[in-house]
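Please keep the sequence and the 3D view open as you go.

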Amino acid sequence: MNPLPPERKWRAITLATLVLAPAVWSLLGGLVAAASDDGGGPAAGPAIALGLVLLPFAFMVLAFSSEHPRAPGAVVKAMGLCLGVGIPVSALAADAVTGIVAGVGAGGIAALRADLPHDWRTRAAAVALGAAYSFVLARVAGASVLVAAPIFPFTGLGLADHFAEWRQARAAALRGSPQPDGR
């Protein structure tokens, strides 16, 4: 199988992020409404349900548009990772946005097609960095992180893949260059 061209990868990431954004905003809106003590606000249940319904579609868009060879299984694995990582991180961070970014990023690792130089460690580091960034941003900038949160998970994976490709090209260039002693 030929490597996925960067244009297609970024198209897949962009489309998946466009589906992910309303899912994350709906989830966060519902969680805020559920935690609010004020009466008369919006109902939390429908917003949370909408977010949870849209979330698998973001993984579907990511897997199928990145031409993942086993896309249906990758989507199921992505949802499992999303819940398995997102819930404990939310509990540990004591905020929902950090857990959602971490969970969606972990799911994205499984859903986004990985070609030869891409490895899960680089992608996991990008997810951890995005989650840490959202954790800090939630405490410094407050509610404004809610607007930017959907951008972090899949974009971080794309950047991690580009870093892995750059690292591989750099290593190949160093191997092909002459040694300092002229050999």
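The largest pocket in this predicted model has a volume of about 330 Å³. On a 1 Å grid over the protein atoms alone, a pocket is an open set of points with protein on both sides within 12 Å along at least five of seven lines, while a cavity is a set of points where a 1.4 Å probe fits but cannot get out; lining residues have an atom within 4 Å of a point. Grid points are joined across faces, edges and corners, and a volume is the space filled by probe spheres set on the points.

**Largest pocket**

- The lining holds 16 residues, and L27, L31, I87, S90 and I100 are the closest to the pocket centre.
- Two or more lining residues come from each of α1 (6-35), α2 (44-65), α3 (71-93) and α4 (96-111). Helices are DSSP runs of H or I with at least four residues, strands are runs of E with at least two, and both are numbered from the N terminus.
- By residue class, this lining has 11 nonpolar, four polar and one charged. Ala, Val, Leu, Ile, Met, Phe, Trp, Tyr, Cys and Pro count as nonpolar, Asp, Glu, Lys and Arg as charged, and the others, Gly among them, as polar.

**Second largest pocket**

- The second largest pocket has a volume of about 180 Å³.
- Its lining is made up of T122, A125, A126, L129, G130, Y133, F152, T155, G156, L159 and A160.

**The enclosed cavity**

- The count of cavities of 30 Å³ or more comes to one, and the largest cavity holds about 40 Å³ of space.
- V101, G105, R123, A126, V127, G130, A131, F152, P153, G156 and L157 line the largest cavity.
- Helices α4, α5 and α7 each supply at least two residues of the cavity lining, with the largest share, five residues, coming from α5.
- This lining divides into seven nonpolar residues, three polar and one charged.

**Aromatic pairs**

- A search of the whole structure turns up three aromatic pairs. Rings of Phe, Tyr and Trp (its six-membered ring) pair if their centres lie within 6.5 Å; planes under 30 degrees apart count as stacked, over 60 as edge-to-face and the rest as tilted.
- One of them is the edge-to-face pair of Y133 and F152, at 5.2 Å centre to centre with 80 degrees between the planes.
- Y133 sits in helix α5 and F152 in helix α7, so this pair ties together parts that are 19 residues apart in sequence.
- Y133 is partly exposed at 47% relative accessibility, whereas F152 is buried at 18%. Buried means under 20% relative accessible area, exposed over 50%, and partly exposed in between (1.4 Å probe, protein chains only).

**Nonpolar core**

- The largest nonpolar core has 30 residues, and L20, L55, F59, L62, V104 and F154 have the most contacts inside it. Such a core is a set of buried Ala, Val, Leu, Ile, Met, Phe, Trp, Tyr and Cys residues joined through side-chain atoms within 4.5 Å.
- Each of α1, α2, α3, α4, α5 and α7 supplies at least two residues of this core.
- Leaving aside residues up to four places away in sequence, V104 touches L20, L55, F59, C82, P153 and F154; contact means heavy atoms within 4.5 Å.

**The chain as a whole**

- The chain has seven helices and zero strands.
- Its C-alpha atoms fill a box of roughly 75 × 35 × 25 Å along the principal axes.
- Of the 183 residues, 39% count as buried.
- Among contacts between residues at least 6 apart in sequence, 74% join residues at least 24 apart.

**Loop residues with positive phi**

- E67, in the loop between α2 and α3, has a positive phi of about 60 degrees although it is not a glycine. E67 is partly exposed at 34% relative accessibility.
- A94, in the loop between α3 and α4, also is not a glycine and has a positive phi of about 60 degrees. A94 is exposed, with a relative accessible area of 67%.

**Reading the values**

- Residues are numbered from 1 along each chain as its sequence is written, and side-chain values use heavy atoms, with hydrogens and water left out.
- As this is a predicted model, local features need pLDDT of at least 70 and side-chain atom pairs count only at pLDDT 80 or more, while totals for chains, interfaces and linings use all residues.
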